[in-house]
Amino acid sequence: MKECKHCESEFNPSTARKRAVGGRINECPDCVEALGTETAPATVGVMSGDGKQGMVTILRFDDQTRADAYVKAWKHSTGYNKGKSCQMGGTSVLSMDRLGATKIGEHGGNPNHKGKM
């Protein structure tokens with residue numbers, strides 16, 4: 001249990017609500033929402049398959065709602081929820097610019113996994 005630095009009430013920093021609203025470790029979820037002290041950017045990692053190695057892209061968004069919308073569209077357009085059939089969702093290519101995303105990291109595997117040129 002921790003004591004909030006603003007309202008001095010005790011709270012559990014391990015609850016799902018505290019993780020969802022964010023804030024500093026010594027701020028209760030109510031004060032984080034009321035004072036708007038959460039300033040961490042929303043980040044999302046998405047993956048694609050390429051030969052024997054997958055590619056990972058990490059994106060930063062302006063807010064969590066835009067990040068959630070991107071992940072929902074990504075899952076739809078990549079066939080994420082289709083199981084083994086893995087059919088494309090019939091959508092166009094996703095635009096990071098439309099939802100305010102900035103690419104902050106990317107790791108692409110070597111599709112030439114056997115060392116041949």
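1. Accessible areas here come from the Shrake-Rupley method with a 1.4 Å probe. On that basis the accessible surface of the protein chain is about 8,500 Å², and carbon and sulfur atoms account for 50% of it. The model is a predicted one.

2. The protein chain contains 3 helices and 5 strands. Read from the N terminus, the order of elements is β-β-α-α-β-β-α-β.

3. The protein chain has 117 residues, and 22% of them count as buried. Taking contacts in the protein chain between residues at least 6 apart in sequence, 37% join residues at least 24 apart.

4. A nonpolar patch on the surface is formed by M47, V56, I58 and I104, which together have about 330 Å² of accessible area. One of these residues, I104, lies in strand β5, residues 102-107. I104 counts as partly exposed because its relative accessibility is 40%, and partly exposed covers the range between the buried limit of under 20% and the exposed limit of over 50%.

5. The whole structure has 0 disulfides. The cut-off matters for this point: a disulfide requires a pair of cysteine sulfur atoms within 2.5 Å. For C7, the closest cysteine sulfur is in C31, at 3.7 Å, so the distance is too far for a bond. For C31, the closest cysteine sulfur is in C28, at 3.4 Å, and this is also too far for a bond.

6. On the accessibility of these cysteines: C7 has 39% relative accessibility and therefore counts as partly exposed. C31, at 12% relative accessibility, counts as buried.

Conventions: Residues numbered from 1 in each chain as written. Predicted model: local features only at pLDDT ≥ 70, side-chain atom pairs only at ≥ 80, totals over all residues. Heavy atoms only, no water. Patch = residues over 30% accessible without salt bridge, like charges linked within 9 Å, V, L, I, M, F, W, Y side chains within 5 Å. Salt bridge = Lys/Arg side-chain N within 4 Å of Asp/Glu carboxyl O. Helix = DSSP H or I, 4+ residues; strand = E, 2+ residues; numbered from the N terminus. Buried < 20%, exposed > 50% of the residue type's maximum accessible area, 1.4 Å probe, protein only. Contact = heavy atoms within 4.5 Å.
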